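Hi everyone, thanks for coming. Please have the sequence and the model open while I talk, and we'll walk through a few places together.

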Amino acid sequence: MARTASGEISGSRDGKIAVWRGIPYAATTGGPNRFRLPQPPQPWTGVRECTTFGDVAPQSPGFVPVDGSLRMGEDCLWLNVWAPAAPKDDHRPVLVWLHGGAYCLGTAAQAIYDGKRLAETGDVIVVTVNYRLGALGFLDLSSLGEEFTPNLGLHDQIAALRWVRDNIAAFGGDPGNVTLFGESSGAGCVTALLTSPLSAGLFHRAIAQSPPATTVFGPERAAVVAKRYLELLDITPDQATELLTMPMERIITAAGTLLDEVPLREPGRLAAAPVVDGNLLPAYPSERFQQGRSHRVPLLIGTNKDEASLFRLFRSPIMPVTPDAVNAMLRGVAADHPGLSPERLAEIASAYESSTPRGALTMSTDAAFRMPAHWVADAHSAHSPTWMYRFDHATPMLKAARVGAGHATELPYVFGNFGSFDYDPTFWLGGRKAAQDVSGRMMRRWLAFAGYGVPAAIDGSKHWPPYSAATRRTLVIDTVDRVIDDPDKDRNTIWGDDVVGFY
C-alpha cells in the first residue's frame, strides 16, 4: 500500500520487491486533453489497484517489441514503481527511466525495463515512465493553431518528474536524489531536459545511453512536417481542428506513413522529435550545452560500438545504413550547414570510405549517436562531472550475425534482464556467463552513480576516471573493461569541434 497525492494505491509483492504498475501521474489524454499539456490526475476515493500496466501510447507497429496482450489507448500517462519492501531509516536513491523508440514507438510496459533486479541489486527505487509518442507527443502541430502544443512528450516527462518529487517519499524514495536515465530517443529526451528551464531541480544526476542529442528541429522544419501530415490525412490547414476529435486509428495510420516517409526521403532525419519552442526548449540543446547552460548535474553518457548494425538487420528506414543513403544524408547535412565546405564533406566521406557498406554503417553510427554524445560531453564536462563509456560487448551469436554491440544491446545488461535459454537467441552460441559478469559491473556502476554521483563499482573493477574534452577519457565496456583516451580519435578529428545536427 502507498498513499499518493491523488489517493491510496495497492501494488503487489515480487520476492523482496514491492511493485506498482500503471499509477496515473496525469489525467487521460483522451477527449479534450488530446493535444493539451498534461493535466492533473483525477483524485479517487478508496484504494486504487495498481497491479497492471496502463494503456500503451497510441503508435503504429514497428521494430520495438511490444507484448500483444497490452492495450493501446489515450489513457497513457502512467508510471511504474519498484521499491524494496523492507523498511529503511533513510530514503533510497530514485532512478527514473525514459524508454526509447525513435520518439514514436515503445512503452514502459516492455519486459526489458522491468525494474526488479535493479531495485534489488542497488537497494533503490526504480520508476519507468509512459508518455505520449509520435503524432501525439513529438509532432509539432503548433503552426496549425493555438489548440496544439509542441513537445507534449517532454511535457509529460516533466509532469512525471514532478509526480516523483511530490510522491516518491511514500514509496521510500528520496526526492532529493533522482537520477534521470534513458536510451536512444529516451536519452535524447534526457539531453533535451538537461537544457530545459522547466526541468530545473527535478533531477540531480543524468544518464544518456546512445542519445541522438542533435536530432532536434526548429519551428520552420516542424511546420513543413505538420503540413505534410495534413496532406496524408487529406485535410486542409483550416480543418486542422478535426484532429481534436478524429478517430485515433486515422491519426496513427497517417503518422505511421509519415514516420517511414521522412527518413526515406531525407536520410538521417526523423519525422517526430523535440522542437525548439522558445519555452520548454529555448534554443537547440546543442547550443545550450555549448553555451554552458545545461543543468549543473553529474552526467554519465555513452554509445555502443556498432549502433547502426541493428537498423540494417531490421531493414528499418529510421537510420541510413547503405552507401547511397549515407551519402544522401551528407548532402542534407551540407544543405543545413553552409559553413561546411565541399572539401570538408569530401574529407569526412573519404575518412569513412562511405561508398562501402561497412564505412556507411560506421558513419551512420557516428553522425546519429557517437559524435552527438561527444559534443554533449565536451561541453557539459566544462562545468559538471561527466563520464563517457563505449559499450563494446557482444555475445558470440551477435558477432556471428554481424550485429556486434548494436543499438540497444546494452539494455539487458543495465537492467539485468536476460531472457531464458529458450527465448534469448543472443545466447544460442554461448556467452551467458561473460554477459552476466559484464552486466553485474554495469549495474553496480550505474547504481553507484545514482547513489553517490560517481560510477565506481566497489568490487575491484577498473577505475573509471571523469571525462574531459582535453583527454576524452572513455571506459570501454567489454569482457574486460579498459580505460582509453579518445578511443575513436581519428574519426573525432575528421568531424572537428563544430556541432553538426539534423535540424
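**Two helices and some spaces**

Let's start where Leu154, Gln157, Ile158 and Leu161 in α3 meet Cys189, Ala192 and Leu193 in α4; contact here means heavy atoms within 4.5 Å. Of the residues in this contact of α3 with α4, six are nonpolar, one is polar and none is charged. For those classes, Ala, Val, Leu, Ile, Met, Phe, Trp, Tyr, Cys and Pro count as nonpolar, Asp, Glu, Lys and Arg as charged, and the others, Gly among them, as polar.

A quick word on the source: this is a predicted model, where local features need pLDDT of at least 70 and side-chain atom pairs count only at pLDDT 80 or more, while totals for chains, interfaces and linings use all residues. Residues are numbered from 1 along each chain as its sequence is written, and side-chain values use heavy atoms, with hydrogens and water left out.

Back to our helices: α3 covers residues 152-167 and α4 residues 185-193, and they pack at an angle of about 75° with their axes 11 Å apart. That makes α3 roughly perpendicular to α4, a label for angles of 65 to 115 degrees. The axes are lines fitted to C-alpha atoms over the stretch in contact, with angles running from 0 to 180 degrees between N-to-C directions. Helices are DSSP runs (H or I, at least four residues), numbered from the N terminus.

How many cavities of 30 Å³ or more does the structure hold? There are six. A cavity is a set of points on a 1 Å grid over the protein atoms alone where a 1.4 Å probe fits but cannot get out, and lining residues have an atom within 4 Å of a point. Points are joined across faces, edges and corners, and volume is the space filled by probe spheres set on them.

The largest cavity holds about 70 Å³. Its lining includes Pro58, Cys104, Leu133 and Ile251. Helix α6 gives the most to that lining, with four residues. By class, the lining of the largest cavity has nine nonpolar, three polar and no charged residues.

The second largest cavity has about 60 Å³ of space. Among the residues that line it are Phe289, Trp375 and Val499. Here α7 (285-290) and α11 are the elements that give two or more residues. The lining of the second largest cavity has eight nonpolar, three polar and no charged residues.

That's my tour, so over to you for questions!

Key
Parallel < 35°, antiparallel > 145°, perpendicular 65-115°, else oblique. 1 Å grid on protein atoms, 1.4 Å probe; cavity = no way out; pocket = protein on both sides within 12 Å on 5 of 7 lines; lining within 4 Å.
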